[in-house]
Amino acid sequence: MAKRIDNLVEWVDGVAEASMRHLAGMSGRRSLLHKAGKIFIGGAVLPMLPYDNSNGVSHAEERHAEGTIPDDCQYWRYCSLHGGLCSKCGGSVTQCPPGTTPSKVAWVGTCRNPKDNKDYLVSYNDCCGKAGSCGDECTRQERDRPGYRMGLASESSWCIANGKQGVHCTVAIVVGLAE
Amino acid sequence: MAKMITAGSWLILLTLFPIAVHADEAAFVPETVTVKTRISPGPNVLVNQMGMASSTLYIYSAQDLTLKGSVSGGAWGLSTLSRDGNTAYMASSFFSRITYGTGEDILQVFDVPTNTVRKEIRLPFKVTQYTPDASQLRLSADEKFIYVQNATPATSVTVVNLESAKVSQEIPQPGCYGIYPATEGHSFSTICTDGSFMTFSMGADGTTFTSRKSEKIFDVDNDPIYLASARAGDDLLFISYNANVYRLSDKSGVIRKVNVTSLTRGVSGNWGTSGYGVLSYNDANNVLFVTMYPNHHEGTHHRGGKQIWAYDLARGTLLSRSPVNDISTIAVSTGEKPSLYGLNMKKNFLEEYAVDRNHGFSLKKTTQHTDFGFATMIMGNL
């Protein structure tokens, strides 16, 4: 019985999020999860950025002159962030620091880029396996929802699918354009 | 003459000296280390301070917030308290290398008066790692079972039989989260991703269940509710980010909406709810207390409240608005002359407020105690 429950829960891990995405997809502009299916296999998605839907002119990446993405908490891509940015822990905005593992699952924000006034889907992956915090925490939590809409729940550790390892910091990956 | 007195005094002192030394030796009792076996008597307020390596339940005097003792467990501790306040429960994770390595989830059963571990029960390694809320670890009405919220992130509830100290079953709750037990029997409800509730009812031995889904109760996108809840009589109270109070009934085995009340209707300043344990209800006076934040918008729902509102739900009247500093979680005591306790999330204070019944249940801070870290849960046999 326990094994059957385990199998069911594993199956649910894959399907429940899809179900939530479907529900989100039926709610106007908050169709964010509709296009974010791959977010929930986060590690595989990390290289897939940014999504380009602007005739070759993507503003999502928005790198500054020095070639770095700003890590000021008020920068647009951190609109739903809740945690410390990995850029202040030896990684970058899109890279986990050495010795950590990206969370296999993540919560998602829908953030508007003021440059093109478009809404982008941002995957906030925790980087797991180390203790310690670094830099000031950035808590904005726009469109954050409690655990009943788990894909948007920033109050959860997202290292839960990585053997519940310690949470070290968080990256913000632009993975798509919201409908 | 003076020399004679001095010499005489010395003679007397020398004569007495051996006696004085002997008297000192007789009076000296070496100290030994002992253990205070019980915390000081009286009602308690408990604060659950979750940590990523260890978690602690601090136990304060409900009268003056003196720290009386504590119990502790592992990472991401969730907790609850028996009705009589004598037994505390914590579900938490223990890791072989703290931040990596193998791990196990353990339910600890604590004896509150002696601050000791009475029992440990191993849980499936699935317990949610989430900012603590009362809805994640709950006792059944008869306290025979305890329900544990899991998230891997697929969600389920582990049911533990506390008499046999064994897991009875795991109930899948896909797309739902939070545990809200019925006031009698062995059933609980949970909030689902489409704004409905699911109610699970267990068989007498806790090994089987049936479920019933409610109609849509709230709009998850436009009026999401907090996990925090309160009981008002037999009904359940929830509140949304926009300060709409949802009064629900679980009496029929499925959640039904009784009514929805806006706390902010006619109030300027765009106030909204803010914090974690954002509401608490005093049944004796039918007054709901809520932490509120001005100019609220997306992203302000977990900030510390700037006011605590007292609201008469029966009359639909806003009774008072008391200014506070960054209070994110509240708990009001029972009885006609209650006290209110709050957590200041910026300074990590536990604060106590006197409630003035003659002035709209307004609040005046009477004392505070430094808490020991970020916390979101207050409990007590208040």
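Predicted model: local features only at pLDDT ≥ 70, side-chain atom pairs only at ≥ 80, totals over all residues.

Trainee: What is the mean pLDDT of chain B?

Mentor: pLDDT is the predictor's confidence in each residue, from 0 to 100. For the complex, the predictor gives an ipTM of 0.90 and a pTM of 0.86. In chain B, 93% of the residues reach 70 or more, and the mean pLDDT is 93.

Trainee: Is chain B a compact globule or more spread out, and what is its radius of gyration?

Mentor: Chain B has one helix and 28 strands, where helices (H or I, at least four residues) and strands (E, at least two) are DSSP runs numbered from the N terminus. The globule rule, 2.2 Å times the number of residues to the power 0.38, is compared with a radius of gyration taken over C-alpha atoms. Along the principal axes, the C-alpha atoms of chain B fill a box of roughly 105 × 50 × 35 Å. Chain B is more spread out than a compact globule, because the rule gives 21 Å for 382 residues and the radius of gyration is well over that, at 26 Å.

Trainee: Is B:L78 buried or exposed?

Mentor: B:L78 is found in strand β4 (residues 75-81) of chain B. A residue is buried if 20 or more other C-beta atoms lie within 10 Å of its own, exposed if 12 or fewer, and partly exposed in between, with C-beta atoms placed from the backbone. Because B:L78 has 28 other C-beta atoms within 10 Å, the class is buried.

Trainee: How far apart in space are B:L78 and B:A91, C-alpha to C-alpha?

Mentor: Two residues are in contact if their C-beta atoms, placed from the backbone, lie within 7 Å. Leaving aside neighbours within four places in sequence, the contacts of B:L78 include B:M90, B:A91 and B:P132. B:L78 and B:A91 are 13 residues apart in sequence, and their C-alpha atoms are separated in space by 5.2 Å.

Trainee: Which residue in the turn between β23(B) and β24(B) has a positive phi?

Mentor: Two strands pair if DSSP finds at least two bridges between them. β23(B) pairs with strand β24 (residues 317-332) of chain B in the antiparallel sense over seven bridges, and B:S320 in β24(B) is the bridge partner of B:A310. These two strands form a hairpin with four residues between them, and the turn residue with a positive phi, of about 65 degrees, is B:G316.

Trainee: Which strand gives the most to the side of chain B that touches chain A?

Mentor: 36 residues of chain B are in contact with 35 residues of chain A. β10 (155-161), β11 (166-172), β12 (176-181) and β13 (187-192) of chain B each supply at least two residues of that side. The strand that gives the most, with three residues, is β12(B).

Conventions. Residues numbered from 1 in each chain as written. Chains lettered and ligands numbered in written order.
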